[in-house]
Amino acid sequence: MRLEIAGRQIIGSKEPQQDSWRVFNARGEDISNNARAKVVATGDGTLVVVADGIGGYAGGEIASRLACDAFGKAFFTTDGGAADRLLRALEAANAALAEGKRREPDLQDMGCTLIGAYFYQGKMTFVSVGDSLLLRSRDDEIHRVNVDHSYFDYLDRQVLGSNDPQRWSIAVRDARRRASLTLAVTGGDLIADEYGHKPQIAERPLQTNDVIIVASDGIETLDLVQLQNFMMHLRPTGVAGIADALIGAVDGIGQTRSYQDNTTIVVVGASGGAPLTRVQ
């Protein structure tokens, strides 16, 4: 299957840029620069990695870069099926952060979210840790594919089925706590037993005209209704047009507020050799 990929970033109001992303072709070559400039065409065996750094001014920037590079290198030097290779790559990224902390004691708080999505023979196999988003647009609908490893999931599960308004009030009123990560790539344990979270490794079928969006959580400036409305009109513009318009919308809304997170959007179009079209 032919793939077209474009990636865009903004810093927003949070400096420095703590997101990193990579696109690798089937030979393990980093082809991100072409995707940054405009669009890159590729095919089976493509790997997309997005990491959103945490841990202070320099820590997050270093963590996301280390994780992306270690993940890509390990994936293409590991044998086995896609899921096994993604797991080994995630472990390598985690080990890279542990080594970085060992060498630089000032970086003890660094970590990152990570999504690695591998496209091969009509399938997308992915690993996800943290709260970055993996979205799929198909037939004028868009939905989130991956699990959100944030505290809100734990809180909501605790009150699910309750009709006690006080319990619900406690669960939903603290926006800052709800957004806290329960699982990230930090060089430590990759299982958060207390919250029932572990790395998600899953496979989804990929169809011609599917559009996959891999993004850091800054994209949540746009809600799913807005994203769906935008995608209905942006498909004919191709992946570069989609990436440009979505990052522009995030930036535009972000400038009306006091805070806009770093945002990375990588758009993957499964074109099947033909231009993306709106499915009727």
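**Figure 1. The six-stranded sheet.** In this predicted model, 6 strands form an open sheet in the order β3-β1-β11-β10-β7-β8, and the pairing is antiparallel. Strands pair if DSSP finds at least two bridges between them. Helices (H or I, at least four residues) and strands (E, at least two) are DSSP runs, numbered from the N terminus. The edges are formed by β3 (40-42) and β8 (141-144), each of which pairs on one side only. Neighbouring strands of this sheet are turned by 20° against each other on average, direction ignored. Angles run from 0 to 180 degrees between N-to-C directions, and axes are lines fitted to C-alpha atoms, for helices over the stretch in contact. Residues are numbered from 1 along each chain as its sequence is written. Because the model is predicted, local features need pLDDT of at least 70, side-chain atom pairs count only at pLDDT 80 or more, and totals for chains, interfaces and linings use all residues, while side-chain values use heavy atoms, with hydrogens and water left out.

**Figure 2. Strand β1 and its partners.** Of the 8 residues of β1, 6 are buried, so this strand is largely enclosed by the rest of the structure. Here, buried means under 20% relative accessible area, exposed means over 50%, and partly exposed lies in between (1.4 Å probe, protein chains only). Strand β1 is joined to β3 by 3 bridges and to β11 by 8 bridges; each of these pairs runs antiparallel. Leu3 has Thr42 as its bridge partner in β3 and Ala270 as its bridge partner in β11. In a regular strand, the side chains alternate between the two faces of the sheet.

Figure 3. Strand β10 (residues 211-215) runs antiparallel to β11 (residues 263-270), and 5 bridges join them. Ile212 stands opposite Val268 in β11. Helix α7 (residues 224-234) lies across β7 (133-138), β8 and β10, running at about 140° to β8. Helix α8 (residues 238-254) also packs on the sheet, where it touches β1 (3-10), β10 and β11. The direction of α8 makes about 20° with that of β1. Contact means heavy atoms within 4.5 Å.

**Figure 4. The five-stranded sheet.** An open sheet of 5 strands has the order β2-β4-β5-β6-β9, with antiparallel pairing. Its edge strands, β2 (19-24) and β9 (200-205), each pair on one side only. The twist averages 15° from one strand to the next. Within this sheet, 7 bridges join β5 (residues 111-120) to β6 (residues 123-129), and Ala117 has Phe126 as its bridge partner in β6. Helix α2 packs on the sheet by touching β2, β4 (46-54), β5 and β6, and its direction makes about 155° with that of β4. Helix α3 lies across β4, β5, β6 and β9, running at about 30° to β6.

**Figure 5. The crossing of helices α2 and α3.** The axes of α2 (residues 59-75) and α3 (residues 82-103) come within 8 Å and cross at roughly 140°. That angle makes α2 oblique to α3: angles under 35 degrees count as roughly parallel, over 145 as roughly antiparallel, 65 to 115 as roughly perpendicular and the rest as oblique. Residues in the contact include Leu66 and Phe71 of α2 and Leu86 and Leu90 of α3. By class, the contact has 15 nonpolar, no polar and 2 charged residues. Ala, Val, Leu, Ile, Met, Phe, Trp, Tyr, Cys and Pro count as nonpolar, Asp, Glu, Lys and Arg as charged, and the others, Gly among them, as polar.
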